[in-house]
Amino acid sequence: MRILVVSPTPSHPQDAGNRARIHAVLSGLKSAGHSITLCLVDREKVAPEHLDSMRSTWGELILVPHDRTQEKPSLGTTYGLDDWIQPPLEDALQALAARRPGFDMVLVEYVFLSRAFTFFPAPHLRFPSPVLKVLDTHDQFGGRDHRLRALGLPAGFFHTTAAEEARGFGRADLVLAIQDEERTAFETMSPAPVLTLGHIPADPRPKLPRRMPDGRLVVGYLGSSNPMNTRALGRFIAELDLPAFAAAGGELRVAGAAANALQPAPGLVLLGPVTDPDELYAQVDLVVNPHEGGTGLKIKTVEALARGRPVAGTAEAFAGLAPDEVWQTAVDAEALARLVRSSAQNPAIHAAISSSSAALFERYASSVASQARLLANPAMLRLAASRPRTLLVTDIRFWQRSLGNHARIAALALTARSEMDLDLFFLGSMSAPETEQAQALLGGRARLFPTGPMPPTPEARLPKAMTPFEQRSTIAAALPLLTRHLAENPPDAVIIEYIRLSYLRHAIAAPVLKVLDTHDIMSLRARNFAHFGHRHFIEISVAEELRILSGFDHLLAIQAEEFRWIDALLPGRALLAPHVVPQAPRPPRRAEGPVRVGFIGGDSPMNRDGLGWLLDQVWPAIAPLGAELHVAGEVCTAMPQGRAGVVLHGAVPRPEDLLATLDVAVNPVFYGGGLKIKTVEYLCHGLPAVLTAEALYGITGGAGQAYALAQDRAGFVAALAGLVLDPAARARMGDAAFAFGHRNFGPQALAPAMRTLAGLARGIPVTAAQPALAQE
């Protein structure tokens with residue numbers, strides 16, 4: 001390909017993160033055999049020798065004059081999308097667009113230069129333009145000024161509104177986010193598909209060897225003097241307690257301009273500016289990044305990992321790297337300092353940081369290599385720009401995210417929208433706020449089709465192929481509505497939520513991929529309820545359920561036990577699509593007040609019975625220890641009032657907010673079947689939890705470390721009392737729970753199934769490798 005790159009930032013020298021990013025992206029494209037023309041907006045007044053380096057590296061450099069004094073905001077105190085576009089750039093782009101032969105791709109660095117796309121042919125309908133237009137975002141600029149000011153920092157650089165940023169995205173065929181969390185944010189409003197392209201430095205040098213051990217722990221920090229860095233570093237040093245750190249055998253070495261505002265002290269060595277980061281990395285055992293706030297990928301975190309150095313940092317410092325250990329997800333700079341002090345006192349902690357850092361970088365490097373191969377492949381890029389459209393059919397108000405089934409569908413939508421364009425066919429009416437919430441979940445490319453109230457159809461004739469269960473479940477008016485919708489808005493695939501709506505498969509006449517998201521194997525669940533004297537709200541036999549399941553092309557199983565059950569009886573149709581929880585920073589641990597034990601659940605027989613057993617058989621032994629039991633959800637309506645030490649919150653709009661206030665979680669259910677989504681949420685929020693075997697159905701491998709498995713009343717009391725009385729035990733189990741949860745139920749766990757589903761919707765058959773991937 002002939003690639004035009006339009007950038008306000010030079011690729012040489014690589015002495016800043018954004019420069020290293022551009023250099024790495026262009027190096028990858030060049031190594032794949034593509035020719036590069038770099039159109040550089042001369043904002044940064046690059047030295048002549050660096051201009052020469054760019055000319056020799058990329059083959060052609062076009063330097064465009066730029067006057068920074070003309071960068072004035074047109075939207076009050078914030079910039080309009082094109083406020084940094086000046087006439088010399090427009091002239092240069094007109095000339096470049098007129099070249100023959102023309103360019104095959106235009107790659108624009110930063111959304112504020114997205115006007116460059118408008119000089120090239122526009123796309124036609126769903127097919128990208130003859131010139132593939134790719135926007136490399138680097139960072140999130142919509143609302144950036146508000147985020148920085150909330151931290152007490154000046155806005156600086158470019159910032160705009162979310163609407164202006166979305167307008168810039170709409171000029172591209174594809175948008176590149178530098179990390180997955182940012183991609184998720186962009187997907188909510190982008191008119192163009194969003195892909196992740198992470199960053200690995202284009203550095204051919206081998207990793208640095210370990211420093212020779214001398215009984216000390218030498219910790220390093222490298223950063224510029226920007227206010228974000230100096231603020232976080234100051235908070236980190238203050239909490240580190242340098243005299244105590246030095247007495248424990250620790251030393252902190254600070255390199256870069258961030259050292260300029262500091263004074264040497266015992267345990268603190270100031271190196272100042274360095275010409276090569278290796279000048280710091282070669283002399284330290286551990287690199288820290290206490291970054292707080294901001295967006296984008298923290299390139300100095302990746303850089304240190306790439307050089308073979310263990311890294312500990314805040315959650316913001318590891319954003320986009322899918323961390324799963326406590327030393328990679330510290331809530332703030334102060335919490336990170338406490339972890340580093342512990343590492344100086346306990347070599348085992350440093351060894352664990354080292355091994356987890358190496359594993360994390362290996363995973364990340366493999367992912368980035370795959371993403372870079374896609375960017376260098378024109379056919380794959382065009383395929384990514386023209387995605388399959390999938391219709392999600394449900395009557396569940398999943399955008400409320402207050403119940404387990406809400407959370408399941410919301411998580412599925414968040415992951416699926418990265419691989420396909422989603423439409424929603426909702427059986428019912430939606431208010432304006434509901435429409436806004438659903439749109440944010442389904443993404444900026446989604447279309448919403450609520451049916452409104454269902455008209456009565458008492459005499460409707462139902463399709464003969466319906467099973468008795470489907471006949472009992474049918475809302476007859478929905479059948480012609482869906483048939484008409486499919487004719488007017490034909491999708492590539494249809495996902496129906498729950499077997500309760502399986503009757504709608506009979507409204508699908510055109511050849512389209514039919515998928516059922518099972519949530520549970522309902523016949524097994526009904527049998528489980530009956531064993532304990534309860535009727536399940538869905539009554540169906542195994543034979544009839546299998547007959548219905550066989551009417552779908554593919555079936556999504558929420559956990560491995562159910563995947564194996566479906567795959568054994570309907571081979572080749574099951575995809576393991578586990579429930580996942582979006583990664584979020586862990587809240588700080590509570591240091592005061594009674595220990596708060598929590599349970600969240602809907603008003604189901606299994607929750608009522610389990611919680612009743614807990615209140616009668618377990619809580620009398622725990623309440624005298626000074627703990628409180630906090631219960632949330634509709635299950636509160638069935639609970640007795642006025643129990644000592646028990647607080648009933650009722651339904652809560654955001655369950656995660658309540659989870660953030662808890663010290664311990666419990667799930668005492670003893671029947672029900674299916675995956676217990678609240679158990680997954682406890683783990684992913686880093687809550688130590690006491691759980692029954694039923695609460696862990698479909699979850700294995702963490703008993704005794706990531707959670708306590710209670711086999712009977714005595715075991716439940718002992719495990720819960722131990723956690724209530726021992727803060728250190730709570731901390732250890734919480735850390736292990738967080739790591740276990742995000743390894744098994746982080747967003748990456750659902751991605752293989754959605755990728756496979758998108759391929760099937762395109763007509764790409766499942767290969768031998770894909771089912772194995774979907775079972776991991």
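# Burial, cores and salt bridges in a predicted model

Me: How many of the eight residues of helix H10 (residues 299-306) are buried?
Reply: Helices (H or I, at least four residues) and strands (E, at least two) are DSSP runs numbered from the N terminus. Buried means under 20% relative accessible area, exposed over 50%, and partly exposed in between (1.4 Å probe, protein chains only). Helix H10 is largely enclosed by the rest of the structure, because the number of its eight residues that are buried is six.

Me: What pLDDT does the chain average?
Reply: This is a predicted model, in which local features need pLDDT of at least 70 and side-chain atom pairs count only at pLDDT 80 or more, while totals for chains, interfaces and linings use all residues. Residues are numbered from 1 along each chain as its sequence is written, and side-chain values use heavy atoms, with hydrogens and water left out. The predictor's confidence in each residue is its pLDDT, from 0 to 100. While 96% of the residues score at least 70, the chain average is 90.

Me: Against which helices and strands do the buried residues of H10 pack?
Reply: The residues in question are Ile 299, Thr 301, Val 302, Ala 304, Leu 305 and Ala 306. They pack against helix H1 (17-31), helix H9 (278-281), strand S11 (286-289), strand S12 (311-313) and helix H12 (347-375).

Me: Which residue just after H10 takes a positive phi?
Reply: The phi angle in question is about 85°. The residue that takes it, just after H10, is Gly 308.

Me: Which residues have the most contacts inside the largest nonpolar core?
Reply: A nonpolar core is a set of buried Ala, Val, Leu, Ile, Met, Phe, Trp, Tyr and Cys residues joined through side-chain atoms within 4.5 Å. The largest has 57 residues. Apart from it lies another core of 37 residues, among them Leu 412, Leu 424, Ile 495 and Leu 750. In the largest core, the residues with the most contacts inside it are Val 597, Ile 622 and Leu 720.

Me: With which residues is Ile 622 in contact, leaving aside its neighbours within four places in sequence?
Reply: Ile 622 is one of the residues with the most contacts inside the largest nonpolar core. With neighbours within four places set aside, its partners are Ala 627, Val 717, Leu 720, Ala 721 and Val 724.

Me: Is Phe 426 buried or exposed?
Reply: Phe 426 belongs to strand S14 (residues 421-426). Beyond neighbours within four places in sequence, its contacts include Thr 394, Trp 399 and Phe 449. Because its relative accessibility is 1%, Phe 426 counts as buried.

Me: What relative accessibility does His 742 have?
Reply: His 742 lies in helix H25 (residues 727-745). Setting aside neighbours within four places in sequence, its contacts include Pro 323, Val 581 and Cys 684. His 742 counts as buried, because its relative accessibility is 4%.

Me: How many salt bridges does a search of the whole structure find?
Reply: One of them joins Arg 115 and Glu 90 (2.7 Å, N to O). Another is formed by Arg 654 with Asp 657, whose closest N and O atoms are 2.9 Å apart. Salt bridges that share partners also join Arg 211, Asp 214, Arg 216, Glu 251, Arg 253 and Asp 285 into one network. The search of the whole structure finds 45.

Me: Is Ile 764 buried or partly exposed?
Reply: Ile 764 is placed in the loop between helix H26 (751-761) and helix H27 (769-774). Because its relative accessibility is 40%, Ile 764 counts as partly exposed.

Definitions and conventions
Contact means heavy atoms within 4.5 Å. A salt bridge is a side-chain nitrogen of Lys or Arg within 4 Å of a carboxyl oxygen of Asp or Glu.
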